[in-house]
Amino acid sequence: MTPTRLDQRRSLVTPVPGPRSSELAARRSSAVPHGVGSSLPIYVESAQGAIVRDVDGNQFIDLGSGIAVTGVGSANPEVAAAVQDTVSRITHTCFMVSPTESYITVAELLNRLTPGDHEKRTLLVNSGSEAVENLAKIARRATGRPAVVVFEGSYHGRTNLTLAMTSKNMPYKQGFGPYAPEVYRAPMSYPFRDGLDGPQAASRAIRWIETYVGAENVAALVIEPIQGEGGFVVPAPGFLPALVDWCHRNGVVFGADEVQSGACRTGDWFACQHEDVIPDLMSMAKGIGGGLPMAAVTGRAEIMDAVQTGGLGGTYGGNPVACAASAAALHYMEDHHLDARAAEIGRRITARLAEVDYPGLAEIRGRGAMIGLEFVRPGTETTTKEPDGEFVAEVMSRCQRAGVILLDCGLDHQVLRLLPPFVIEDSLLDEALDVLIQTIGETAAARS
Ligand code: PLZ
């Protein structure tokens, strides 16, 4: 059965949320714990391409992609066909019991598509957190060292080790400790806030690591080449290459967490490539699965193969249905040059947003289809750069009510993030940007 393609059009037929969504919200509150939050007050009936349709029949333009997942579009027809074909033949046998070809196919694809032409191996798991956690395990085993160094503002997941690696206390960590030891947080490069160039920020971080941890104790340095949840922070040029260089001089594994920034999102296959950085190990998830749960660690064969047989795995890692989706999504991105398309989307967004005339919009940054708008309290930005999360929340909620899905990020929710699917049509993207630009103006006017 070919699902009817949702008309790629914004359309509001009830107030947001509508009556059916409100009914579901009531059911949810007595069935789902309050610890799980949702950005939107609507419940989704279907999502295809760049359109999300709720249970009341409202259609939203999706500038969130399910947090950077559906780059190939929601329910991408080639992904859906691969899933349908696979799921009727096989659901699960467990790669650790009776393995399947599709695991090998996805591993070969990721070995080829990730930066560097050295010999690589790929481990498949189910979530970004699991990938990051395995990256740390593998680096520790390969180096025989205990410490993992991460960076201020970073987000790496919600399992115990990755929560130790994640920076922000509320809401992620509060009350869930104690956390895993031997995780250290070095100063990040955040040009808008620290004013340092790349080499200066790298020297600061390296001095910090050498002073407080000691190079000989560090198994891996793990960094998001562009920070996601932390605020779409693009480190100053030269920061990442200097860290890689330091890692290689000190026997430290350089681990790139490309869970959010990978899979064509930044206009290249991986964000590391913008500075010709070749990670030793890389964690990936989100976009590589085309919408199904799929995550991976790809890295240098000698590091990946340092682990004893049986030391890596998990019941569902490399599930054949998820592998079919992943292979279809990766092929789709390659065949349709979605890396170039993401770059084009980035140019289109930044060109349009240059029109915004609001002094609180302090910086527009990011790469490709990963663009963040940092807001500060107007009039104070030159001195305090005081983050304005309230303004962002108001813009997001007004945009939702107007039929555009946007997300926020940043430690103070002060960054509005745009993560459109790469398959979005130009006209739909322009319409969403019109709504956003108009909403920023209205929100500013309502304040003054
Ligand atoms: N590493 C860089 O961005 C997931 C999660 C949001 P999982 N980010 C969105 C939330 O509130 O849970 C993420 C990431 C980076 C790791 C992860 C973790 O990936 O698939 O959510 O486990």
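**Pocket lining, helix packing and local backbone features**

With a relative accessibility of 39%, D434 is classed as partly exposed (buried means under 20% relative accessible area, exposed over 50%, and partly exposed in between, with a 1.4 Å probe and protein chains only). D434 belongs to helix α14 (residues 426-447); helices (H or I, at least four residues) and strands (E, at least two) are DSSP runs numbered from the N terminus. The C-alpha atoms of D434 and L353 are 9.4 Å apart in space, although 81 residues separate the two in sequence. The model is predicted, so that local features need pLDDT of at least 70 and side-chain atom pairs count only at pLDDT 80 or more, whereas totals for chains, interfaces and linings use all residues. Residues are numbered from 1 along each chain as its sequence is written, and side-chain values use heavy atoms, with hydrogens and water left out.

The second largest pocket holds about 550 Å³ of space. On a 1 Å grid over the protein atoms alone, a pocket is an open set of points where a 1.4 Å probe fits, with protein on both sides within 12 Å along at least five of seven lines, and lining residues have an atom within 4 Å of a point. Its lining comprises 22 residues, with F95, Y103, T122, L123 and L312 nearest the centre. Both α4 (101-113) and β4 (120-125) supply at least two lining residues, and β4 gives the most, with five.

Helix α4 also packs against helix α11 (residues 320-335), at an angle of about 35 degrees and with the axes 9 Å apart; axes are lines fitted to C-alpha atoms over the stretch in contact, and angles run from 0 to 180 degrees between N-to-C directions. Residues of α4 in this contact (heavy atoms within 4.5 Å) include Y103, V106 and L110, and those of α11 include C323, A327 and L330.

T166 lies in the loop between α6 (160-165) and β6 (183-186) and is buried, at a relative accessible area of 1%. Beyond neighbours within four places in sequence, T166 is in contact with S154, Y155, H156, G157, Y172, K173 and R185. The loop between α6 and β6 also contains P178, which a cis peptide bond with omega of about 5 degrees joins to G177. A further cis peptide bond, with omega of about 0 degrees, joins V16 and P17.

Most residues other than glycine have a negative phi. A68, in helix α2 (residues 65-68), has a positive phi near 65 degrees, and F232 has a positive phi near 50 degrees. F232 is buried, at 0% relative accessibility.

Methods
Grid points are joined across faces, edges and corners, and a volume is the space filled by probe spheres set on the points.
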